Protein chains: 2
Amino acid sequence: MTHSSFNPPRRTLMGPGPSDISPQVLAALSKPTIGHLDPLFIGMMDELKSLMQYAFQTKNEITLAVSAPGSAGMETCFVNLVEPGETVIVCINGVFGMRMKENVERLGATAVVVDGEWGRAVDPVQLETCLKAHPEAKFVAFVHAETSTGALSDAKTLCAIAKQHDCLTIVDAVTSLGGVELRVDDWQIDAIYSGSQKCLSCVPGLSPVSFSPAAVAKIKSRKTKVQSWFLDQTLVMDYWADNAGGKRSYHHTAPVNSLYALHESLLNLYNEGLENAWKRHAEQHKVLAAGLAELGIKFIVPESERLPQLNAVYIPEGVDDVKVRNYLLNEFNLEIGAGLGAFAGKAWRIGLMGYSAKSENVLLCLAALKQALKQ
Amino acid sequence: MTHSSFNPPRRTLMGPGPSDISPQVLAALSKPTIGHLDPLFIGMMDELKSLMQYAFQTKNEITLAVSAPGSAGMETCFVNLVEPGETVIVCINGVFGMRMKENVERLGATAVVVDGEWGRAVDPVQLETCLKAHPEAKFVAFVHAETSTGALSDAKTLCAIAKQHDCLTIVDAVTSLGGVELRVDDWQIDAIYSGSQKCLSCVPGLSPVSFSPAAVAKIKSRKTKVQSWFLDQTLVMDYWADNAGGKRSYHHTAPVNSLYALHESLLNLYNEGLENAWKRHAEQHKVLAAGLAELGIKFIVPESERLPQLNAVYIPEGVDDVKVRNYLLNEFNLEIGAGLGAFAGKAWRIGLMGYSAKSENVLLCLAALKQALKQ
């Protein structure tokens, strides 16, 4: 095997993530590496925390970036909050709800499933019925924006119901953060995780998480050790949060450069303003949806439950899935996503996430799809 | 709080990692992001695997980069190989051996400790005695290069002893890979993990790991599920290894840009040649050690057990630890490491890792230390 430097082409990323990354974020990524205990780096982390609090709309003191992708953020929430033997109600309406169930079971807890329809929002009535039948449940977990189906659930209502039954809420915001309205404190979310590579338009590999004071109290009152040393927040908190003496405890070497990039991408979001970002995603989605309708392409999700940033559509009858996606990639350097789980081979997922949610991308995607369908 | 872009200075990184990063690696890091299922990316991963196999000196098919730092690589090895109730002999001669024990216990297995001296290599005789006393042990785990003390253990001998007792071997090579001789296949290492930010001189955040066929067989014969979904190698293997149809299964979104950087840093190592890299580390260490002796600074570890890439030395009597390190950082943008664990406040750790192991760094460090000690 001969070896040489890898030179990727410039793709337009309109799949389910990673999304396009702005030149500023890529530039921030490659700034000089400094030590993870360098006072200047600690200062950057403080600012990063404040920017994550803004994005999440929270005052939660424990708001930090897990040094691994969103699925590790999911696991962080479950293994820290839930102890073996406890009951978690898991709402499933796609692949990522199923993964939540897997997480619950692997830590020795019991998952009670609210079995929802794929391609639809989680049904609040179903959740309420389940909560009444399971007074032993301590947690309600659901996915805000199901990346596998393109469905947006009503997180505010679901959390309000969970709270009426004294449950802590665990929310997957991997695809929602920065793309649609999300208010952690107002909506009473106790534990939330996201991913860097979706609507934040940062490089993949980091998972912003946030824990409410009630969640932190639950973690601190654990009777058993967290099963994962790497994800144990009782240890990680000492690195991210100031102790009495301002001293940071070493836990693991932070992914310094990726955190530079996350800082810069959140700064972009802050400068644009959250509401403006949500509006931009909604507007670009409308243009895309209208164009797709013209091409005779149908959405999986009913209009009122659709994610603007993740457009899951049925592959038209008689059209070759792989052939079209390869054509888009090879002819136009355009990536759209394949179907996942129950929709594998049946759907495409067209992302309009973060820096990808812009007019030129929508136009390119529609024109390229039109041409691909003619082949 | 006002927010602005973060602009780190250029530091010379001579702590225990991250180490200096070459301009080519930083440039690779910020190349355009492409999808984690893009055929071009999959091609890059194949080449990356082959470069990791070279660095580890192994033909192991399951050689990949965990999408998280070295401590997650450690956890990956333990939670996949070891099942609850099994016995692992853990050799402890520093902080990272202690962390191994923590990992073993958190997964419900039993750790039998070979209690070594901090600042010394693991004693093969002690290991042998322990193995004889514990015929139930299935694994022997130890740290090749103890980053907390600067001691190098004889991995070849330790593995040979473990094999005589039919144990699988789990080796921490976070600080050793690329800096000192390491031969996974020849030395009969069954599971090994490293870190990107030490002698590979890549950005922090990735952990190269490799599993021998015997280790893979052990993983595949598990009776219980791996407790961590994120680190479950039975799932991750399907993404990194070719299946029958050449199809890659999605597990989590790979940290695309960090993997570009790892590829480039391993390419640097490949082009230099492993033996040359080991020699360079040894040579730079000799110059540094001679200079430190002139300054009256003493090593913790006896000469024959010293790591060239991590020089742990006693802080001279009457010298203020923090004052000196701050002086080096503020006056010369030079980072050296503090002591860790039993050596906190008592030692400095001077790294000569990867791209940092060069004449100009050694010269700067010695001159700067000399000046600092005069203050």
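Visitor: How many Å apart do the C-alpha centres of domain 1 of chain A and domain 2 of chain A lie?

Guide: Domain bounds come from an automatic or database domain assignment. Here, domain 1 of chain A covers 12–17 + 274–374 and domain 2 covers 23–270; their C-alpha centres lie 27 Å apart. This is a predicted model: local features need pLDDT of at least 70, side-chain atom pairs count only at pLDDT 80 or more, and totals for chains, interfaces and linings use all residues. Residues are numbered from 1 along each chain as its sequence is written, while chains are lettered from A and ligands numbered from 1 in the order in which they are written.

Visitor: How many residues of domain 1 of chain A are in contact with domain 2 of chain A?

Guide: Two residues are in contact if their C-beta atoms, placed from the backbone, lie within 7 Å. By that criterion, 24 residues of domain 1 of chain A touch 25 residues of domain 2 of chain A. Helices (H or I, at least four residues) and strands (E, at least two) are DSSP runs, numbered from the N terminus. On the domain 1 side, α10 (274–294) and β11 (310–314) of chain A each supply at least two residues, and the largest share, 4 residues, comes from α10(A).

Visitor: Is strand β13 of chain A buried or exposed?

Guide: A residue is buried if 20 or more other C-beta atoms lie within 10 Å of its own, exposed if 12 or fewer, and partly exposed in between, with C-beta atoms placed from the backbone. In β13 (residues 347–351) of chain A, 5 of the 5 residues are buried, so the strand is largely enclosed by the rest of the structure.

Visitor: Which way do the residues of β13(A) point?

Guide: In a regular strand the side chains alternate between the two faces of the sheet. Ala347(A), Arg349(A) and Gly351(A) point one way from β13(A), and Trp348(A) and Ile350(A) the other way.

Visitor: Which strands pair with β13(A) in the antiparallel sense?

Guide: Two strands pair if DSSP finds at least two bridges between them. β11(A) pairs with β13(A) in the antiparallel sense over 5 bridges, and Asn311(A) has Ile350(A) as its bridge partner. Strand β12 (residues 334–338) of chain A also pairs with β13(A) in the antiparallel sense, over 2 bridges; there, the bridge partner of Ala338(A) is Trp348(A).

Visitor: In what order do the strands of the open sheet in chain B lie?

Guide: The 7 strands run in the order β2-β10-β9-β8-β5-β3-β4 (chain B), with mixed pairing. The edge strands are β2 (62–66) and β4 (110–115) of chain B, each pairing on one side only.
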